[in-house]
Amino acid sequence: MAKHLRKTALLTLGRLPKALEIARALKGAGCRVLIAEPYPTHLSSPSRHVDRCLRVPAPVYDEAAYLDAMEAIIAEEGVDLVVPVSEEAMFAAGLKARLAPQVRFFGPDLALIRALYDKAAFVERAEALGLAVPETAPLGSNAATALAARTGVVVKPVYACAGLGVAFVDQGGALPEGRAAPAVVQARLRGRARNTVSLVEAGRVLGTVAYEGTVHAHTVSVAFRRIEAPDLDEWIEVFARESDYTGFLAFDFIDDDAGKAHAIECNPRANSGVHYFDPGGMARAILGPAAGDGPGPATGPIGFKPEVLQQQFYPCLTEAQGAMLSPSRRAAIWPYLRTSKDVTWDRRDPWPFILMTFTSWRLLWRALTKGERMGEAAVADISWGGTPNAGSAGAPGP
């Protein structure tokens, strides 16, 4: 296929608001924007900023078929840039070694991304760099039993996202038994919780957004406030540099009783913080240090949008409705529902918000029929569980 004069960017997911945010930013930078998705319709599909959506196999059910399909799209569409978005990045990183030298992959290689996604391996890496992390031990070990006897703990799967499988155990309580997947036991910190996402190029942090959740669905923030967090900058810069990381790099931090921040886990992909980046600056960072004619990441910091409070409206509304009978919860949630800007709504590109219920009906149906939270349903077919997958058993229908 003939090469396009403008850059062709391929996003590896379209169903989540952060994908739409990235698509809009890249389109604003002059890119032709494609999205590869297991679902035929999704949040980003009606956007005027998306040139084409292409369906691919769900990587959870057949990783090899997924990678083959992605590689074919890259060749047939003349893709210049591949941008992993969310949990599918743990599979999409397998493309990096298969791409031609002129195709940019904005993410780490397969070995690194999976090592950082591993909650036990991440803690070991951070500790070796002298960075603050909570005391952590494998579930089932003597160290984990001793830790739970000394303090309250959090038990979570080694490979998990969206708060799935997380359990809180009070000091002296019994740890769960019989888990099929490996898990870690981590000292529970009860201070301020903060989240970050950084744009990183070859170990250099180009820009960081820090935010805190204001409304939560289980452990996932559905409304958030951008904050200043200079105390986290050095932690992030050391980790990014020593890992020689490229791509979106996100962390969850919680302060200890003395106010010192500890990173409880790493998310080597984008998170909700991307909604705060200035779109032009984010696009230049993704495209590369030489992208664009104006000041880029190499010559100045990436700015932020003016909005401080933002939300995912429908999940936030669901939480607000669930709080109707609780005066304290209602008072904590409703003000944010009224005052926060929705991350999807754009009057120049209204259809993703207007059609959200229709384009996302498969996720809604799965959540309703399987009793899953929306966050769980949204990643069920793209979340890596620590082992290769092949075949089509359990794959979703059309």
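Reader: Is Y159 buried, exposed or partly exposed?
Author: Y159 is partly exposed, with a relative accessible area of 24%. Buried means under 20% relative accessible area, exposed over 50%, and partly exposed in between (1.4 Å probe, protein chains only). This is a predicted model, where local features need pLDDT of at least 70 and side-chain atom pairs count only at pLDDT 80 or more, while totals for chains, interfaces and linings use all residues. Residues are numbered from 1 along each chain as its sequence is written, and side-chain values use heavy atoms, with hydrogens and water left out.

Reader: And W384, buried or exposed?
Author: W384 is buried, at a relative accessible area of 6%.

Reader: Switching to rings. How many aromatic pairs are there?
Author: The count is 18 aromatic pairs. Rings of Phe, Tyr and Trp (its six-membered ring) pair if their centres lie within 6.5 Å; planes under 30 degrees apart count as stacked, over 60 as edge-to-face and the rest as tilted.

Reader: How are the rings of F106 and F248 placed?
Author: Their centres are 5.4 Å apart and their planes stand at 90°, so the pair is edge-to-face. F106 lies in the loop between β5 and α4, and F248 in strand β13, so the pair ties together parts 142 residues apart in sequence. Helices (H or I, at least four residues) and strands (E, at least two) are DSSP runs, numbered from the N terminus. Both F106 and F248 are buried.

Reader: Which residues form an aromatic cluster?
Author: F122, W235, F239, F251 and F253 form one.

Reader: New topic: what is the strand order in the open sheet of seven strands?
Author: The order is β14-β13-β10-β11-β12-β15-β16, with mixed pairing. Two strands pair if DSSP finds at least two bridges between them. β14 and β16 stand at the edges with a single partner strand each, so one side of each has no neighbour in the sheet.

Reader: How many bridges join β13 to β14?
Author: Six, and the two strands run antiparallel. One of the bridge partners is E265 in β14, which pairs with D252.

Reader: What about helices: at what angle do α1 and α8 pack?
Author: About 85°, with their axes 8 Å apart. Axes are lines fitted to C-alpha atoms, for helices over the stretch in contact (heavy atoms within 4.5 Å), and angles run from 0 to 180 degrees between N-to-C directions.

Reader: Which residues of α1 make the contact?
Author: E21, I22, A25 and L26 do, meeting P279, M282, A283, I286 and L287 of α8.
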